[in-house]
Every structure is written in structure tokens, then in C-alpha cells.
Amino acid sequence: MKLSTILMVTFALCLIAFGAGAGLLTDETVPLQQAIVDMASVDDATTYTASRNAVVARGPAALAALTPIAENAASWRERAAASACVGWIQHAQQYEAFLAVQPMPTARGHLRYRGDLVDRDPMYTPLLVEMAVWTEASADRRVAAVEMLQAIRDPRATEALGWVLLNDESNEVRLTAADVLARATDPAATDQLAAALRDAADPQVRTAAAGSIGWRKDLAAAPVLLDALAHDEDAGCRAAAAQSIGWLHDPATTMALSMALSADAAPEVRRQAALALGKVGGDDAAQALQQAIESDVDPEVVRLATYALEKLQ
């Protein structure tokens with residue numbers, strides 16, 4: 001054998017050994033990775049489900065390739081799709097049992113799954129995310145799935161909930177996602193709500209996002225709330241932003257709240273600005289409230305400003 005041939009064979013064997021030692025892609029993981037990318041990019045339930053079933057059919061042998069994608073993929077959709085495949089491989093019996101259960105109507109008129117179905121087990125997070133993003137055609141059942149994610153409070157669902165908040169076709173599902181993000185333990189939930197407050201076309205979604213940020217009392221959200229208070233075209237959203245700014249108790253927001261109290265054309269915004277100034281406190285807040293008491297033409301603004309000022313004294 002020629003020396004050049006020997007060297008080429010040796011080099012190829014070294015590459016194979018290096019690839020195995022370094023955890024590089026095998027022939028099996030390359031198509032699995034592409035399958036996950038394809039799954040993550042589709043929007044219709046039929047295509048997604050067929051792709052997922054094809055991956056799941058590979059069985060436990062696929063877990064070694066799927067798990068790193070589920071944990072480390074740059075795209076949340078790819079992580080979610082891979083996590084769903086892992087979940088279906090490991091917990092198919094539990095997932096099928098969950099899907100066989102009908103959620104029950106609540107006094108408010110929408111559906112809800114019994115809490116004991118999942119017992120706050122994060123094992124169900126991939127299934128619930130899959131339902132909310134890809135597979136569940138019923139808006140009522142998507143609401144129920146999103147609410148169940150609130151009980152589990154798994155940070156793996158945070159970005160998916162942000163997507164639902166911006167993109168679900170059902171207003172009720174979107175508003176439920178805002179409510180779940182408000183109560184999420186994951187700090188990144190604030191970022192998802194802030195993105196919705198900035199980018200959502202629906203003023204109801206922006207209003208819900210602004211209100212949900214107030215629940216979280218996260219000072220990092222002050223800039224997006226202040227921007228909404230100053231510039232959002234919807235008075236309801238501006239009012240919700242003013243209310244949430246008050247819950248931050250940040251003296252740096254006094255000037256913006258004072259401007260809203262004195263200059264916003266919508267009485268509901270001025271009312272919330274007055275109450276917010278009462279929470280923030282300080283001499284400048286008291287001065288702005290006194291000016292509103294003396295000059296505002298809306299009796300309710302005057303009443304709330306008086307109430308807020310008395311709370312400061």
C-alpha cells in the first residue's frame with residue numbers, strides 16, 4: 001500500500017475517533033436534528049404531529065441525540081419540539097391518559113383540567129406546551145393547557161407562553177397567557193411581557209401585558225412601562241402602565257407620572273397616575289397631586305388625587 005494511502009486511512013480513522021470522543025454528530029443524529037428543525041418551523045397540527053410521531057417511533061435509542069437538543073438548542077421552538085419527543089418516548093402512557101381526559105367547565109365559563117391530573121409534575125410541561133403552540137385546535141382546551149402550566153411553573157414554558165401571548169388567534173388564550181406569565185417564578189417572564197407590551201398589535205394584549213408586569217413588581221420593566229405610559233395610543237394600556245408603575249414604588253418614575261396626571265387627555269389614565277403617585281410618595285408626588293386637586297376637571301381624578309395625597313400625609 002502506498003504511503004499516501006496509508007496516511008489518508010490513518011487520518012480518516014483519527015477523525016472518526018475524534019468525533020466519537022468529542023460527541024460530534026453521528027449518522028443518526030443528523031437526520032434527528034433536521035427533523036426537530038422541521039417540526040419546530042411548522043404551524044399546522046397535522047404536519048407537526050406526523051413529524052413528531054416519526055421521531056418518537058425511533059424509541060429510546062433516539063434519546064441520546066434528542067436530549068441535548070431539548071436542553072441546548074438556540075431556538076425555543078426547537079427545544080420545545082425536542083422536549084415533546086423526549087416526553088412522548090418516556091411518558092407516552094401518561095400523556096395519552098392526560099389527553100383522554102376532558103377539561104371541566106368553570107363558573108367563569110371556560111374549561112379547566114383538574115389540578116391532580118399533573119400534580120405540578122414538570123414531566124407534563126412538554127405536552128402542555130405542544131398543545132398550546134402546535135396541536136390543540138380548541139381554544140378552550142388551549143386555555144386549559146396554558147392554565148395548567150401556571151400550576152407547574154416550569155421555566156421551560158416561559159418563551160412558549162410569550163409566543164402564545166403574541167400569536168394565538170384566540171383573545172382568551174392570549175389573555176390567559178398574560179395572566180400565567182404574571183405569576184411565573186421564572187424572572188424571564190418579565191421579558192416576555194415587556195415584548196408583548198412593545199410589539200402586540202392588539203391593545204387588549206398590550207393592556208394585559210402592562211397589568212401583568214405590575215403583578216411581578218420588577219424594576220427592570222420600568223423603561224417599557226414608562227414608554228407605554230408616554231406613547232401608547234390606547235388609553236386603557238396607558239392606564240394599566242400607570243397602575244403598574246405605581247407598584248414599582250420607584251421615585252425615578254415621579255416625573256413621568258406627574259406629566260400623565262397633568263396632561264393625559266384620558267381621565268382613566270389620570271386617575272391611575274394619581275393613585276400611582278400615592279404609592280410612589282415623596283414631595284414631588286404630593287405637589288403633583290395637589291395641582292390635580294386644584295385644576296383637574298374630572299371629579300373622579302380629584303377624588304382619587306385627594307385620597308392619594310391623604311395617604312401620603
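Modeller: What follows is a set of questions about those labels, asked of a predicted model.

Biologist: Why is H5 called roughly perpendicular to H6?

Modeller: Helix H5 (residues 76-100) and helix H6 (residues 125-135) pack at an angle of about 115°. The range for roughly perpendicular is 65 to 115 degrees, so H5 counts as roughly perpendicular to H6. Their axes are 7 Å apart, and the crossing of H5 and H6 is left-handed.

Biologist: Which residues of H5 and H6 meet?

Modeller: On the H5 side they include Trp76, Arg77, Trp88, Tyr95 and Phe98. On the H6 side, Pro126, Leu128, Glu130, Met131 and Trp134 are among them. By class, the contact of H5 with H6 has 15 nonpolar residues, one polar and two charged.

Biologist: What makes H6 largely enclosed by the rest of the structure?

Modeller: Ten of the eleven residues of H6 are buried, so H6 is largely enclosed by the rest of the structure. Buried here means under 20% relative accessible area. The buried residues are Thr125, Pro126, Leu127, Leu128, Val129, Glu130, Met131, Ala132, Val133 and Trp134.

Biologist: Why is H15 called roughly parallel to H17?

Modeller: The axes of helix H15 (residues 267-280) and helix H17 (residues 299-312) cross at roughly 5°. Angles under 35 degrees count as roughly parallel, so H15 is roughly parallel to H17. The two axes come within 8 Å.

Biologist: What makes the contact of H15 with H17?

Modeller: From H15 come Pro267, Arg270, Arg271, Ala274, Leu275, Leu277 and Gly278. H17 supplies Glu300, Val301, Leu304, Ala305, Tyr307, Ala308 and Leu312. These residues divide into ten nonpolar, one polar and three charged.

Biologist: Why is Gln192 called buried?

Modeller: Gln192 has a relative accessible area of 19%. The cut-off for buried is under 20%, so Gln192 is buried. Gln192 is found in helix H10 (residues 189-199). Leaving aside neighbours within four places in sequence, Gln192 is in contact with Thr158, Glu159, Gly162, Leu165 and Leu181.

Biologist: How do you know that Cys85 is buried?

Modeller: Cys85 has a relative accessible area of 0%. Buried means under 20%, so the label applies to Cys85. Cys237 is buried as well, with a relative accessible area of 0%.

Biologist: How many disulfides does the structure hold?

Modeller: The structure holds zero disulfides. To count as one, a pair of cysteine sulfur atoms must be within 2.5 Å.

Technical notes:
Residues numbered from 1 in each chain as written. Predicted model: local features only at pLDDT ≥ 70, side-chain atom pairs only at ≥ 80, totals over all residues. Heavy atoms only, no water. Axes fitted to C-alpha atoms, helices over the stretch in contact; angles between N-to-C directions. Helix = DSSP H or I, 4+ residues; strand = E, 2+ residues; numbered from the N terminus. Parallel < 35°, antiparallel > 145°, perpendicular 65-115°, else oblique. Left-handed = near helix turned anticlockwise from the far one by under 90°. Contact = heavy atoms within 4.5 Å. Nonpolar A, V, L, I, M, F, W, Y, C, P; charged D, E, K, R; others polar. Buried < 20%, exposed > 50% of the residue type's maximum accessible area, 1.4 Å probe, protein only.
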